[in-house]
Amino acid sequence: MAKLYVVGFGPGGKEDMTFRAAQAIEAAQVVMGYTTYINMLKDIFPDKNYMSTPMKQEAQRCRMALLEAQKGRDVAMVSSGDSGIYGMAGIILQMAQAMDADVEIQVIPGVTAASAAAAILGAPLMHDFAVISLSDLMTPLDKIMKRVECAAQGDFVICLYNPKSKKRTEYIAMAAQIVAGIQGPDIPAGIVRNAGRPDESHEITTAGQLKDAQIDMFSIVILGNSQTYVKDGKMITPRGYTLDEGIVPDKKD
């Protein structure tokens with residue numbers, strides 16, 4: 001039976017790709033994915049046989065992958081980040097059930113954007129957090145903003161995926177306003193652009209200033225909770241450790 005690997009290859013660079021992800025791509029006879037993601041992989045795996053479809057053709061892409069696997073070819077369906085977090089794992093499994101496809105499917109996890117961005121900012125996700133996508137292609141906007149509101153009321157750190165696009169220019173400001181209204185405008189907010197890619201950049205600001213920040217569709221925004229603070233350029237959310245127990249006394253004492 002052919003295998004269909006649903007692979008999360010991380011932020012984009014080879015250094016952030018897991019061994020399992022790399023092995024699955026190497027083992028596949030066909031590598032399939034969204035055109036932008038395929039272009040990221042061609043430099044790392046130049047000799048593979050690639051197939052791609054543009055954005056908004058996810059169902060077609062999954063059907064193609066399953067049909068290739070049913071022909072007896074091992075296929076890697078790739079997503080950036082983690083394949084099971086806003087990736088292709090769910091729709092592949094649903095499509096396989098709908099097609100009654102006789103294919104072995106393996107979901108290969110990867111480094112998701114939340115953890116990649118958090119590592120660049122410092123340690124903002126050290127306590128409970130919520131991940132919310134601001135894309136309303138699949139979810140109504142009022143439900144998205146309700147989730148933001150509930151997460152802020154619950155004092156969660158909030159990681160926002162898909163914060164802005166050419167059409168969705170105001171959603172991040174709306175979300176920031178909700179959080180600022182509940183937690184206060186001075187709550188720290190971190191922005192990471194192109195995490196793990198050559199043109200990576202980041203900045204730390206506040207919820208009240210997010211509306212004026214440089215944010216695009218390749219950005220991740222992390223809003224702190226009531227305990228999050230910024231020091232020495234690092235955004236930190238304490239987990240509650242007692243620091244005195246871990247501090248080594250000065251020899252002079």
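**Figure 1. Contacts across the predicted protein chain.** Among contacts between residues at least 6 apart in sequence, 68% join residues at least 24 apart. The model is predicted. Seven helices and 13 strands make up the secondary structure of the protein chain. The C-alpha trace spans about 70 × 50 × 30 Å along its principal axes. Of the 253 residues, 45% count as buried. The accessible surface comes to about 13,500 Å². Carbon and sulfur atoms account for 51% of that surface.

**Figure 2. Helix H1 and its cover.** H1 takes in residues 19-27. Its buried residues are Ala21, Ala24 and Ile25. Viewed down the axis of H1, these buried residues fall within an arc of 95°, so they line one face of the helix. An α-helix has 3.6 residues a turn, so residues three or four places apart point the same way. Phe19 and Gln23 are exposed on the other side of H1. Which elements cover the buried residues of H1? The cover includes strands S1 (3-8), S2 (30-34), S4 (75-79) and S5 (104-108). Helix H2 (35-42) is also part of the cover.

**Figure 3. An open sheet of three strands.** The strand order is S6-S13-S12, and the pairing is mixed. Strand S6 (122-123) and strand S12 (229-231) are the edge strands. Each of these edge strands pairs on one side only. S6 and strand S13 (residues 234-236) run parallel and are joined by two bridges. Alanine 123 stands opposite isoleucine 236 of S13.

**Figure 4. The largest nonpolar core.** This core has 25 residues. Leu134, Ile158, Leu160, Leu210, Val221 and Leu223 have the most contacts inside it. Which elements give two or more residues to this core? Three are helix H6 (141-153), helix H7 (171-183) and strand S7 (129-133). The others are strand S8 (157-161), strand S9 (188-193) and strand S11 (219-223). H7 supplies the largest share, six residues. Apart from this core lies another, of 18 residues, with Ala2, Leu4, Met77 and Ala89 among them. In soluble globular proteins, nonpolar side chains tend to be buried together.

**Figure 5. Leucine 160 and its contacts.** Neighbours within four places in sequence are left aside here. Leucine 160 is then in contact with Ile132, Leu134, Val148, Ile172 and Ala175, among others. Its contacts also include Ser219, Ile220, Val221 and Leu223. Leu160 is among the residues with the most contacts inside the largest nonpolar core.

**Figure 6. Proline 185 in its loop.** Proline 185 lies in the loop between H7 and S9. Its relative accessible area is 45%, so proline 185 counts as partly exposed. Leaving aside neighbours within four places in sequence, proline 185 is in contact with Ala180, Thr206, Ala207 and Gly208. Proline 163 is 22 residues from proline 185 along the chain. The C-alpha atoms of the two prolines are separated by 18 Å.

Figure 7. Phi of lysine 56 is near 75°, a positive value in a residue other than glycine. Lysine 56 sits in the loop between strand S3 (50-53) and helix H3 (58-70). Is lysine 56 buried or exposed? Its relative accessibility is 60%, so lysine 56 counts as exposed. Asparagine 162, again a residue other than glycine, has a positive phi near 50°. Its place is in the loop between S8 and H7. Asparagine 162 is partly exposed, at a relative accessible area of 30%.

Definitions and conventions. Residues numbered from 1 in each chain as written. Predicted model: local features only at pLDDT ≥ 70, side-chain atom pairs only at ≥ 80, totals over all residues. Heavy atoms only, no water. Buried < 20%, exposed > 50% of the residue type's maximum accessible area, 1.4 Å probe, protein only. Helix = DSSP H or I, 4+ residues; strand = E, 2+ residues; numbered from the N terminus. Arc of directions from axis to C-beta. Contact = heavy atoms within 4.5 Å. Pairing = 2+ DSSP bridges. Core = buried A, V, L, I, M, F, W, Y, C linked by side-chain atoms within 4.5 Å. Areas by Shrake-Rupley, 256 points an atom, 1.4 Å probe, with all protein chains shown as cover.
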